[in-house]
Every structure is written in C-alpha cells, then in structure tokens.
Amino acid sequence: MLSCRYLIGRLLLGRPASTVARSLAPGYVEIREANHGSEVLKYPQIWLRDNCQCPDCFHASTRARKSHWERGPLNIEVSKLNYNPEQQKLEVTWQDDHQSTYDMAWLRERDFGEAARKRYLEEVYKPPPQLWGKSDFPAMRREFDYQDVLEKDKVLRSWLEALAVQGFAILKEAPDDVNVARKLAERIGYIKRTTYGDVFEVKSKPNAGNYAYLMTPLPLHTDMPYYEYKAGINILHTLVQSESLGGANTLTDGFNVAAALQRHHPQDFEVLRSVPVNWFDIGHDGDADKPFHSLWRAPVICLDVDGQFARINQNTTKRDSRFTVPLDRAMAWYEAYNKFLSLAQSEAVEFKTQAGDVFVFNNLRMLHGRTAYEDAPGNKRHLVGAYVDWDIIYSRLRTLKFPHARD
Ligand SMILES: [Zn+2]
C-alpha cells in the first residue's frame with residue numbers, strides 16, 4: 001500500500017488533468033478519467049486479479065478464465081498502478097510480481113456503476129418488455145412478411161425483438177404448408193419437442209385428448225404450466241380459419257396484469273407470487289403408446305433473480321384439484337386468482353387470424369385463448385403449432401445484434 005500511495009502522489013502532482021488510477025480505499029482501485037468530469041470507475045482488486053487478461057490467466061480464443069483456485073489466493077494486493085495514456089491501458093503490478101494490463105474500454109464496459117449494469121442487462125441480456133393493456137394493442141401490433149423472416153436477418157431480428165418487447169407478432173403470407181411452423185422454429189434455431197410432438201395440430205378432433213382440440217371456447221391460458229422447462233414461444237400457423245363467427249384469438253399481456261395487481265392489490269399479488277399450484281397433464285397425444293404424466297409446482301406469477309416478471313402460469317384446465325398448501329392459504333389464493341383472471345379478461349383483445357397468418361407469442365408472458373367456433377363440411381379450422389425455448393431465441397437475437405462479440 002505504501003508504494004501505491006507514493007505512486008498516487010506522483011500521479012496527482014505530475015499530471016493533475018490526466019487520467020489517474022489509485023487504490024486508496026482498501027481492496028479497491030479507483031480510476032478518475034480525464035475528460036470524464038467527476039465520474040470515478042471503481043473496481044475490487046480481487047475482481048481485477050480474477051479477471052486478469054494475461055495468457056497465464058485467460059485463454060483468449062475460448063474467452064475463458066483459467067482457474068486460479070489451485071494457484072493460490074486471489075486476494076493479493078496491488079503493489080503498483082500505472083495508467084498508460086498512449087495505449088489507454090491500466091497497468092497493474094501485484095505484490096507477488098504478477099503483471100496485468102486492462103484496456104480502458106474493456107474496464108468501462110465492466111463498470112460496477114448502476115448505469116453500466118442497466119445498459120448491459122437491457123442491451124445484451126434481455127430487451128425489457130413493454131407492458132400493454134387493451135387500449136395499447138393497435139400500437140403494439142407488429143406484422144412481418146413470412147418470406148422476409150426466412151430470408152432477411154434484419155427482419156428476423158426485428159421479429160425476435162418484437163417477441164421479446166411486445167410479446168407477440170404476426171407473420172403474413174405464409175404458404176399453405178404444414179411445415180411453416182417447423183421452418184420458423186428452425187430459422188430461429190431448434191424446435192422444442194414436447195409430449196405433443198415437435199409440431200402439433202390444433203383442430204377439432206374426435207375423442208380429443210386435450211381441451212384445445214375441442215370447438216368450445218378456450219379460456220385465457222398459457223401453454224404447459226405443468227413443465228419446469230415450459231415452452232418459450234408458441235408459433236401458431238393458421239392453415240384454415242373457421243368461417244363461423246368464432247375461432248378468434250384472445251390475448252392478454254400477463255405481465256401487465258401482474259403489474260396492475262401489484263399496484264392495486266399488493267396483498268393479492270403477494271399471494272399469487274408465493275402460493276404454489278400443482279399444474280398437471282395426464283394422458284396421451286394421438287397414439288396411446290406414449291402416455292404422459294406431467295406435473296410442475298409453481299405459483300401463477302414467477303419473478304426472476306432481479307425481481308422482474310419471469311413467467312405466468314395459468315391454465316384452468318391443467319390445474320390439479322390437489323391443492324397441496326395449508327388450508328388457510330387456499331382461501332386467500334382463490335380470492336387473488338379471481339382478481340387476476342378478472343383483470344386478464346378485462347384487458348384481453350380479440351382478433352381473428354386468416355389463412356396464411358402465423359401468430360407467434362411469448363408463452364411465458366401472454367395469456368391466449370380462442371372463442372368458440374363451428375366446423376362445417378368443407379371448412380374445418382386447422383392450425384399447426386410449434387414451440388421454441390427462450391434460451392434459443394435470446395441466443396439467436398444476440399448473435400444477430402452482436403455478430404462480432406468477443407466476450
Ligand atoms: Zn495474469
């Protein structure tokens with residue numbers, strides 16, 4: 001520390017208007033950059049050592065930190081600090097004589113300040129969702145040409161951003177082909193296989209194994225709340241739309257409903273965020289040779305590690321009658337659930353896709369449903385669907401946004 005202080009003094013005296021690096025507070029290095037006003041970048045010394053970029057500590061071609069743990073403690077202190085103005089690098093000599101250099105641009109991107117953290121989370125991690133209610137729907141609706149999505153990366157990116165931000169989008173002019181949903185999934189990356197296969201057909205089926213395969217109205221729901229790894233987006237291609245009055249799509253932004261509940265009924269919000277529900281699905285799809293018994297226990301409203309909305313679970317037809325919570329929690333839950341569903345219903349929009357439309361939405365966020373319809377001879381409503389996981393979508397989006405990302 002003595003040598004550091006000596007160095008600081010020299011830097012401060014010698015170049016008062018230039019960038020200055022110092023380690024005054026124990027355990028930290030501070031950098032006050034010239035032309036950056038009073039802004040101070042501050043890094044834990046242990047973090048600098050942990051992220052040393054020298055070839056002994058970092059394997060550049062795989063962007064991988066080499067393990068330090070077997071090579072002794074990380075908490076070795078800085079012995080000398082120097083800012084190299086020509087190369088714009090921070091040069092560190094450690095008390096064990098190890099040497100590290102860091103590009104200032106690299107350091108700035110990794111600033112621990114709030115603005116830099118927010119920028120990273122919103123630009124690189126996930127675009128923040130724009131919550132919307134019924135009256136906002138026309139402004140939120142995004143349409144893209146199916147063929148453009150397949151052929152143009154720029155359009156693919158816009159489509160995926162719409163799914164992340166607005167939560168849904170509609171592709172137009174898809175061909176009369178049962179492989180459209182699969183092609184879109186594969187254009188993003190990989191289709192998600194489920195107990196309903198890799199693509200699934202939504203049409204009125206005799207002896208239906210799933211409520212969605214009936215002509216009755218389908219209440220607002222999310223698909224597969226009974227999966228821990230719930231499908232991220234639902235790609236629904238309309239091959240034949242019902243000519244009857246019904247068969248329209250209904251849609252509500254579940255995150256917006258959760259936010260409204262949090263604002264106006266915080267106690268109910270807390271109940272739906274904390275009381276687990278048993279979501280289940282027992283049966284088989286088509287042939288009886290692959291029966292399933294899916295079960296996942298989770299609340300209606302799930303938050304992520306940053307306290308943001310992560311996932312809504314709602315499917316009245318897939319909610320187990322076994323409600324394995326203490327008796328007094330059950331009563332409160334029903335009251336809160338009723339408020340949530342009333343809000344969802346009051347904010348739901350209705351629109352009817354046409355043959356050639358592909359309706360795609362975030363299945364972790366949107367509640368969707370369908371009004372009742374009637375098939376007629378020569379007019380049997382027919383949709384083909386596929387799922388893709390958000391891991392795959394966000395990854396694809398980042399490769400489109402940052403094609404030259406190195407770390
Ligand atoms: Zn090193």
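**Cavities and a metal site**

I began with the second largest cavity, which has a volume of about 40 Å³. A cavity is a set of points on a 1 Å grid over the protein atoms alone where a 1.4 Å probe fits but cannot get out, and lining residues have an atom within 4 Å of a point. Points are joined across faces, edges and corners, and the volume is the space filled by probe spheres set on them.

I noted that the model is predicted: local features need pLDDT of at least 70, side-chain atom pairs count only at pLDDT 80 or more, and totals for chains, interfaces and linings use all residues. Residues are numbered from 1 along each chain as its sequence is written, and side-chain values use heavy atoms, with hydrogens and water left out.

I listed the lining of this second largest cavity, which includes Glu-123, Tyr-125, Tyr-394 and Lys-401. Helix 12 (390–401) supplies four of the residues, the largest share; helices (H or I, at least four residues) and strands (E, at least two) are DSSP runs numbered from the N terminus.

I then turned to the largest cavity, of about 400 Å³. It has 28 lining residues, with Ala-212, Leu-218, His-221, Asp-223 and His-368 nearest its centre. Strand 12 gives the most, four residues.

Last, I looked up the zinc ion. Cys-52 (SG), Cys-54 (SG), Cys-57 (SG) and His-98 (NE2) coordinate the zinc ion at 2.0 to 2.3 Å; donors are N, O and S atoms within 2.8 Å of the metal (3.2 Å for Na, K and Ca), and water is not among the atoms, so sites may look incomplete. Cys-54 and His-98 are both buried, meaning under 20% relative accessible area (1.4 Å probe, protein chains only).

How values were computed:
Buried < 20%, exposed > 50% of the residue type's maximum accessible area, 1.4 Å probe, protein only. 1 Å grid on protein atoms, 1.4 Å probe; cavity = no way out; pocket = protein on both sides within 12 Å on 5 of 7 lines; lining within 4 Å.
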